[in-house]
Amino acid sequence: MIPYGSIPEAEAALGRNLSLAECVWFKYSATKSDYLLYCHNIVFLLVIFSLVPIPLVFLELKRVPFLDPFKIQPKVRLSFDDIFRCYKDVMRMFFLVVGPLQLISYPSIKLIGIRAGLPLPSGWEIFSQLLVYFLLEDYTNYWIHRFLHNQWGYDNIHRVHHEYAAPVGFAAPYAHWAEILILGIPSFLGPAIAPGHIITFWLWIALRQIEAIDTHSGYDFPWSITKYIPFYGGAEYHDYHHYVGRQSQSNFASVFTYCDYIYGTDKGYRYQKKILQKLKEDLANGDEQKGGSYKTQDLKSD
Ligand SMILES: [Zn+2]
Ligand SMILES: [Zn+2]
């Protein structure tokens, strides 16, 4: 809650005029408690999870021929029932685990110093904090995910997330409740180390979820804006991890590719890419005998 009764009072306290964004924020948040502002995250999570995957799920069900070449595992098609079951299971997890976790974690948000007042952070401050959050989450998620691929971790927890060998967007948060809890740690690590404004926190939770939906979308479009993000893994990168499944010792990272490169866990993936490229070149050269089918699921190599 903002500790000023009016905009002039806030301007007097800050010693300057409020920006347009700050005036809007004042009007929106002045009468809302910090707890209520924090709980907006639950609504954002539900809305983003319910809406963002829909366009590509529609493609999955309808099969638009000119977009078929961008389907990463073209031989696998999920039915409406499969996809709706996934959606229902994740929603149940939201209401039973994610929502309550958000509600009770508020004291930790206050403890680490996430603020909701004025002034608002600059664009540069938001960008640099989000970058730190993504890098920290990526690094810690890499090691936790890699750990979950040991026999005990996989059999008891992580196998649930791997039920979808060819994922769709709704499968991004589809996981055992224990995995949801464990992977909450990397998500909170960045804000705990570099706490910012609640708006930055909202953006972090929203962007992280959109990124997870993108990497589980099952489609890899060459014109995607994410192709311009340095070291971004993307859908094809993570899809390979799901495709190989239980034995996968490749592509553990959640967002970027550098951890897998540094720790040598992208060798199977890079080998497969090299073979695919060679086959494509053979096809382009008219050597169809060599080329054959070069879709991902014909080339299990890890
Ligand atoms: Zn995995
Ligand atoms: Zn996944």
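This is a predicted model: local features need pLDDT of at least 70, side-chain atom pairs count only at pLDDT 80 or more; totals for chains, interfaces and linings use all residues.
1. Now step back into α12 itself, which spans residues 234-244. Is this helix mostly covered or mostly exposed? Mostly covered: 10 of its 11 residues count as buried. The buried ones are G234, A235, Y237, H238, D239, Y240, H241, H242, Y243 and V244.

2. So what sits over those buried residues? The cover includes α11 (198-215) and α14 (267-284).

3. Next, have a look at another pair of helices. The axes of α7 (residues 123-148) and α10 (residues 184-193) come within 8 Å of each other, crossing at roughly 145°. The crossing is right-handed. On the α7 side, the contact is made by V132, Y133, L136, E137, T140, N141 and I144. From α10 come I185, P186, S187, L189, G190, P191 and I193. Sorted by class, that contact has nine nonpolar residues, four polar ones and one charged one.

4. Finally, a word on the annotation. An unreviewed UniProt entry carries "domain: Fatty acid hydroxylase" over residues 131-265. That label comes from the record, while the following values are computed from the model. Over residues 131-265 the chain is 55% helix and 0% strand.

Definitions and conventions
Residues are numbered from 1 along each chain as its sequence is written. Chains are lettered from A and ligands numbered from 1 in the order in which they are written. Axes are lines fitted to C-alpha atoms, for helices over the stretch in contact, and angles run from 0 to 180 degrees between N-to-C directions. Helices (H or I, at least four residues) and strands (E, at least two) are DSSP runs, numbered from the N terminus. A crossing is left-handed if the near helix is turned anticlockwise from the far one by less than a right angle, and right-handed if clockwise. Two residues are in contact if their C-beta atoms, placed from the backbone, lie within 7 Å. Ala, Val, Leu, Ile, Met, Phe, Trp, Tyr, Cys and Pro count as nonpolar, Asp, Glu, Lys and Arg as charged, and the others, Gly among them, as polar. A residue is buried if 20 or more other C-beta atoms lie within 10 Å of its own, exposed if 12 or fewer, and partly exposed in between; C-beta atoms are placed from the backbone. UniProt positions are given in the numbering used here, feature names are shortened, and annotations may be inferred rather than shown by experiment.
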